[in-house]
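Please open the model in a viewer and keep the selection panel at hand.

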Amino acid sequence: MWRFASMFARSISRFLFLILLSLLLLEDLSNGAPFGNRKSGKSLSSVLSLFNLKEKSRFWSESVIHSDLNDLESSNPSKFDAINYTKAGNIANYLKLLEVDSMYLPVPVNFIFIGFEGNGYKEFKLNAEELERWFTKIDHIFEHTRIPRIGEILTPFYKINIDHEQHHHLPLISHVNYNFSVHAIQMGEKVTSLFERAINVLGRRDDVSSTRDEAIGLWQVDVDMISVVYNSLVEYLQLEDAYNIFILSPKRDLKVAKYGYRRGLSETEINFLKENKSLQTRILQSGNIPESVLALDKIKRPLYEKHPMAKFSWTIIEDTDTIEWYNRHLDALNNVERLYQGKDTDDIIQSKVLQFLNGKKDDLRLLSEKDLKSGEFSGLHAECLTDTWIGNNRWAFIDLSAGPFSWGPSVGGEGVRIEQSLPNVEKTIGAVSEISEDEAEDRLQEAIQEKFAVFGETDHHAVDVLLAEIDIYELFAFKHCKGRKVKLALCEELDERMQDLKNELQAFEGEEYDESHKKKAIDALKRMENWNLFSDTYEEFQNYTVARDTFLSHLGATLWSSLRHIIAPSLADGAFHYYEKISFQLFFITQEKTRDIKQLPLDLKSLGDGLSSLVLPSQKVQISPHMLPLSEDPALAMAFSVARRAATVPLLLVNGTYRKTIRSYLDSSILQHQLQRLNNHASLKGLHAHSRSTLEIPIFWFIHSDALLVDKHYQAKALSDMVIVVQSEPSSWESHLQCNGQPLLWDLRRPTKAALAAVSEHIAGLLPLHLVYSQAHETAIEDWIWSVGCNPLSVTSQGWHISQFQSDTIARSYILTTLEESIQLVNSAVHHLVMERTSEQTFKLFRSQERELVNKYNYVVSLWRRISTVTGELRYADAMRLLYTLEDASKSFADYVNATVAGLHPIHCTRQRKIEVEFDMTTIPAFLVVLFVLWFVLKPRRPKPKIN
């Protein structure tokens, strides 16, 4: 009995095991994924492959968008469509969608060379081959970058301090890349001679105490007047639709030791004006003069119909192309020279001040008029002499013949502008070309001794000695013989010696010499075949010396920095959206009540003009001033008192003197917190408008009698939801910056420049020109070369006019934010599609929504293309009109993806609650095996007869 039970138990166990095995087999065969490889990752090809350009391409292509839905679906759905859908593994693979890695905005740039045709300084000449060899090495594609919020940067060692723990709404290294197309333009002799003429005519002595008959030490060129020449040349060639960087190398006047560019008056001219009361009276009584004696009718001769959008292109402007422009401006400069001819210092200063007073919307006009009427010039300071400048329009220049100059932090700091910051024609090219015969012989002997010193006492074959001699002569010839206009006698001797060396090497081709030596001789002869190191022709064989290569590499690095600092600079970290209307809420906070806002010690009209310049032409502006006396608002007075603090600030002056000062300042963090609390309690009205079409910017302008700053060192500070400005009485505050060895003085009574810089950072993320994000350092670094121009972001000028470079940066900031957020939305939607598995059960439902999904996606990509195209043509107004549309289209695509995925989930859940057995021919053998086993186990057994 027990034996029978044991056998029955083993049969039941075997039976249950076979049943479970069969079920597992059927489950595997009935799985939703068919046989074959399952794709769960990204596919190799993508409809967005253009945006993941990397090394593939730099330009847009029609393949970015599906031209028709036929490449995604067939007109007659069949079983193969369902199979392809199921095999794709996920919906993103089926649609061939990838997350966007990078997007490219084209940026047209012209590098315009003046004085490099062989008639400029040191008669230096550049060839197209040289320019292309060096300037194609410029990194013409790089990412847009953002700089995190900067903390206290001036103490203890003038280092930039960035909080790395911040949350970044947008990535610091953007998905959007700049693609620069560089067009090099070389101007002819006529243009060079006209700029040399303009520098001589529009320049004057920096020190007016010296007489005209003496040799001139330092020369200052009126940058406002010479800007007319730059503007007219850009308009004449119709280069307004590109960013233009001029590189000048004009001949110097032998009487001028050094010259630079400046707005306004020099220090000696200001002192002369202060002491001469009769001159002040005469200026106030003078009538108006023409705004610019260089104003001319606009004439145009287009250089090209459209900017050549290539990595590098080269154009030489013939003199015949610019003869009309040259003649008109030469006549105008001659008229200016006659106007100033024979005038003494009084007359020159009078004409210059009148020129400022009659300027339109000029900060110098407002400054000079106030000083003249009050008779007090304590706030009038000389601006820096510079050799670089950023114009009001889309041009900037570097004058390699001017300077050199220096500016930046007085002590400490990084990337300061020094005298060696720009390439120097005289010290590189000039120094090489002026080597004497004696110096050449000395250098040749040094090279010979250095080369043969390594041979030592051991014997060497004659071939090795000849090869060493050839190496010496080759290196010497490249450095000191090739391309010289005045030939060295030593080079002629070496040319004869090289012929002898050839003959000696040819003698080693005989059979009696060793094969290795014979091969060395033959290789050396082949190397010498194409040599022309000692040619008399200068024009045909240019001087590719180490000095020239050093000069060109330095110049290339300088021009590359212009791309990073003024054309496509880094922006502050944050999302800066485009609004149709900007409303500036000005809260002037005074200690005592003032009857009328016009009695405040500031010029509201100039402030309003400055704020309006930060607004794009397509935007509306509203300026609403309010007065908030501390004596009538106890809560506000308490907030001011709580935020006011004092600190001991150590200073090391330019002359090396150590000094510590007690500095009163407002702590911006405390003040912001207090003002936010007041706003919540309705003490401050109308601060924030919750509207997508209007941005209200509260500007708290504190007017105080004692010296007062923000966060120890600033006159204004941009915060997340407000701007804080302080105005106090000191008119000559010695800052932490210096220019040409002299400290830069700030007029704390006029913080307009600092206020506009802070407001531009608040609305669009603009930062001072010397800051840029470094991926190598993963933080911001400084380079002060381009901190020039009469704009709020420079330190070398007191001007606050927004340049066209900055206006374009503001517009581009809005575009970048919208594109970045659109990319994030699309990538998030694509990621959802990657995570959504495909199966035959969901195919029918997805098929009904596929066309609309692809259409919405195509619409987003078409908007990306359109915005990129119009931005590359610098049509920012057209791009602004597309931003709202792109926001809506991106959100619509993301919402539709979410809705589609949500609609597929119930089908997945239903499929998971039941076991579906898919009948296939491969399952028949399995069923037969199972049936046979069941029959074998359960078949009735014949009872054995019992035998006693």
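**First stop: Leu630**

Select Leu630 and display its contacts (heavy atoms within 4.5 Å): apart from neighbours within four places in sequence, these are Ile589, Thr590, Gln591, Leu636, Ala637 and Phe640. The model is predicted, with local features requiring pLDDT of at least 70 and side-chain atom pairs counted only at pLDDT 80 or more, while totals for chains, interfaces and linings use all residues. Residues are numbered from 1 along each chain as its sequence is written, and side-chain values use heavy atoms, leaving out hydrogens and water.

Leu630 sits in the loop between strand S14 (620-629) and helix H19 (634-643); helices (H or I, at least four residues) and strands (E, at least two) are DSSP runs numbered from the N terminus. Leu630 counts as buried because its relative accessibility is 13%, the class being under 20% relative accessible area with a 1.4 Å probe and protein chains only.

**Second stop: the second largest cavity**

Now select His565, Pro569, Leu767, Leu769 and Leu793, which lie nearest the centre of the second largest cavity, among 14 lining residues. A cavity is a set of points on a 1 Å grid over the protein atoms alone where a 1.4 Å probe fits but cannot get out, and lining residues have an atom within 4 Å of a point. Colour helix H17 (546-567) and helix H22 (804-835), each of which supplies at least two lining residues. The largest share, 3 residues, comes from H22.

Technical notes: 1 Å grid on protein atoms, 1.4 Å probe; cavity = no way out; pocket = protein on both sides within 12 Å on 5 of 7 lines; lining within 4 Å. Buried < 20%, exposed > 50% of the residue type's maximum accessible area, 1.4 Å probe, protein only.
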